[in-house]
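Student: I am new to this structure and would like to learn how to read its features.
Tutor: Then begin by looking at it.

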Amino acid sequence: MRKASRRLTQLYDDALEQSGLRSTQFAILAELVTFAEPPSMAELAEALVTDRSALGHNLRPLEREGLIELREGTGDRRKRQVVMTARGRALFTKALPLWQAAQTRFQEVFGEAEAAQLRLTLLRIAYNERLGLLKD
């Protein structure tokens with residue numbers, strides 16, 4: 001399973017290489033554009049189905065590159081909002097066709113119906129609350 005995951009990550013990372021983004025970074029920017037208002041770290045972590053510490057780790061390079069900013073939340077200064085900068089939007093716009101080309105390539109190799117089924121299965125797994133009850 002790990003080998004398949006690495007292959008998929010490599011496919012998208014290779015496609016995004018000329019943008020300077022990794023697939024994980026692209027996913028964060030892609031999620032940020034879906035929010036009408038800048039999300040809190042907790043809201044973004046929930047949308048990405050990850051924990052806040054992993055998200056914080058992945059946000060640092062984006063912040064360092066000036067693609068996002070972390071700001072105090074409105075109304076609650078303890079909450080940090082994740083704001084995509086103009087530079088981040090421009091890079092996302094540049095990277096989007098690269099990601100779409102990788103997506104098309106994946107669907108050509110794996111099959112369109114299989115790719116659609118895989119996405120549905122992964123979404124069901126990601127949002128299945130019963131799996132949160134499993135402990136090591």
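Student: Does Phe26 count as buried or exposed?
Tutor: This is a predicted model, in which local features need pLDDT of at least 70, side-chain atom pairs count only at pLDDT 80 or more, and totals for chains, interfaces and linings use all residues. Residues are numbered from 1 along each chain as its sequence is written, and side-chain values use heavy atoms, with hydrogens and water left out. Buried means under 20% relative accessible area, exposed over 50%, and partly exposed in between (1.4 Å probe, protein chains only). Phe26 has 4% relative accessibility, so Phe26 counts as buried. Of the 136 residues of the protein chain, 28% count as buried.

Student: How is a pair of aromatic rings described?
Tutor: By the distance of the centres and the angle of the planes. Rings of Phe, Tyr and Trp (its six-membered ring) pair if their centres lie within 6.5 Å; planes under 30 degrees apart count as stacked, over 60 as edge-to-face and the rest as tilted. The whole structure holds four aromatic pairs. In one of them, Phe26 and Phe92 are stacked, at 5.2 Å centre to centre and 20° between the planes.

Student: Which parts does the pair of Phe26 and Phe92 tie together?
Tutor: Phe26 lies in helix H2 (residues 23-32) and Phe92 in helix H5 (residues 86-110), so the pair links parts 66 residues apart in sequence. Helices (H or I, at least four residues) and strands (E, at least two) are DSSP runs, numbered from the N terminus. Phe92 is buried too, at a relative accessible area of 12%.

Student: Which residues form the aromatic cluster?
Tutor: Tyr12, Phe26, Phe92 and Trp99 form it.
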